[in-house]
Amino acid sequence: MNSYSYEYAGNLYLNITNRCMMACPYCIKNKWAGKFRGNSLKLDKEPTVQEVMDSMGDITKYNEIIFCGYGDALIRLPEVIEISKLIKQQGKRIRINTAGLANRYYNKNILPQLKGLADVISISLNGTNPKEHNEINRPMFKEESFDEIIKFAKEAKKYIPLVVITAVELPGLDVSKVAQIAKQAGVSFRARPYLDEYESN
């Protein structure tokens, strides 16, 4: 059964698409196509807004509602906006985890549409230069993706209260350099552990 939402560490995660602007070989989607933390995140079909809302149940018990599944939720921007508006009616904090390529994907600045909805946007940057980023992540827009992500992070500061660049602690990746890139962009930074073993719980 598809998991459109799943709980973890006091938060609720929304899994609304398996599509992504990246094709990272290290992604859990490619390694653990069955389940992640006991949830079936591989979708047979993308859920409607109503199906996502129905899957969430009582959201008042969660600290944060996070758009984060086996894909990049911003590929379904209209649904993210509609779901977020419904969540905000209940006064909950919203975070969006993204590859940071939505503006390039839509060929326009989508960030104003997230103003007043997203409290936090977490942008994945696993690489320290365009060539390394392209080799590690296999992004849709090749080597131009690196600069696009940094530009997206800088622009996001105008509309979203907290902007965070993250980096997975991949073997061979100097996350301290990514932290410096985040500092230069004027945003926060967080290192994320490299999940190299299957997590079923």
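Q: Which residues does Glu 64 touch, not counting residues up to four places away in sequence?
A: Glu 64 touches Gly 10, Asn 11, Leu 12, Arg 93, Arg 95 and Val 120. Contact here means heavy atoms within 4.5 Å. This is a predicted model, where local features need pLDDT of at least 70 and side-chain atom pairs count only at pLDDT 80 or more, while totals for chains, interfaces and linings use all residues. Residues are numbered from 1 along each chain as its sequence is written, and side-chain values use heavy atoms, with hydrogens and water left out.

Q: Where does Glu 64 sit, and is Glu 64 buried or exposed?
A: Glu 64 is in the loop between helix 2 and strand 3. Helices (H or I, at least four residues) and strands (E, at least two) are DSSP runs, numbered from the N terminus. Glu 64 counts as buried because its relative accessibility is 9%. The cut-offs are under 20% relative accessible area for buried, over 50% for exposed, and partly exposed in between, using a 1.4 Å probe and protein chains only.

Q: Which side chain is joined to Glu 64 by a polar contact?
A: That of Arg 95, at 3.2 Å. A polar contact is a pair of N or O atoms within 3.5 Å; within protein, one must be able to donate a hydrogen and the other to accept it, and residues adjacent in sequence count only if both atoms are side-chain atoms.

Q: OK, where's Thr 17, and what does its side chain reach?
A: Thr 17 lies in the loop between strand 2 and helix 1 (28-31). Its side chain reaches the backbone nitrogen of Arg 19 at 3.0 Å. Thr 17 counts as buried, at 1% relative accessibility.

Q: Switching to helix 2: which of its residues are buried?
A: Helix 2 covers residues 49-56, and its buried residues are Val 49, Val 52, Met 53 and Met 56. They span an arc of only 95 degrees around the axis, so they sit on the same side of helix 2. That arc is taken from the directions from the helix axis to the C-beta atoms.

Q: Why would residues three or four places apart point the same way?
A: An α-helix has 3.6 residues a turn, so residues three or four places apart point the same way.

Q: And what covers the buried residues of helix 2?
A: The cover includes strand 1 (5-8), strand 2 (11-14), strand 3 (65-67) and helix 3 (77-88). Just after helix 2, Gly 57 has a positive phi of about 65 degrees.

Q: Which residues touch the most other members of the largest nonpolar core?
A: Leu 14 and Leu 114, out of 57 residues in that core. Helix 6 (residues 144-156) gives the most to this core, with six residues. A nonpolar core is a set of buried Ala, Val, Leu, Ile, Met, Phe, Trp, Tyr and Cys residues joined through side-chain atoms within 4.5 Å. Not counting residues up to four places away in sequence, Leu 14 has contacts including Val 52, Met 56, Ile 65, Phe 67, Ile 83 and Ile 87.

Q: How many aromatic pairs are there?
A: Two aromatic pairs. Tyr 6 and Tyr 13 are stacked because their ring centres are 5.1 Å apart and their planes are at 15 degrees. Tyr 105 and Tyr 106 are edge-to-face, 5.0 Å centre to centre with 85 degrees between the planes. The rule takes rings of Phe, Tyr and Trp (its six-membered ring) with centres within 6.5 Å; planes under 30 degrees apart count as stacked, over 60 as edge-to-face and the rest as tilted.

Q: Are those tyrosines buried or partly exposed?
A: Tyr 6 and Tyr 13 are buried. Tyr 105 is partly exposed at 28%, and Tyr 106 is partly exposed at 25%.
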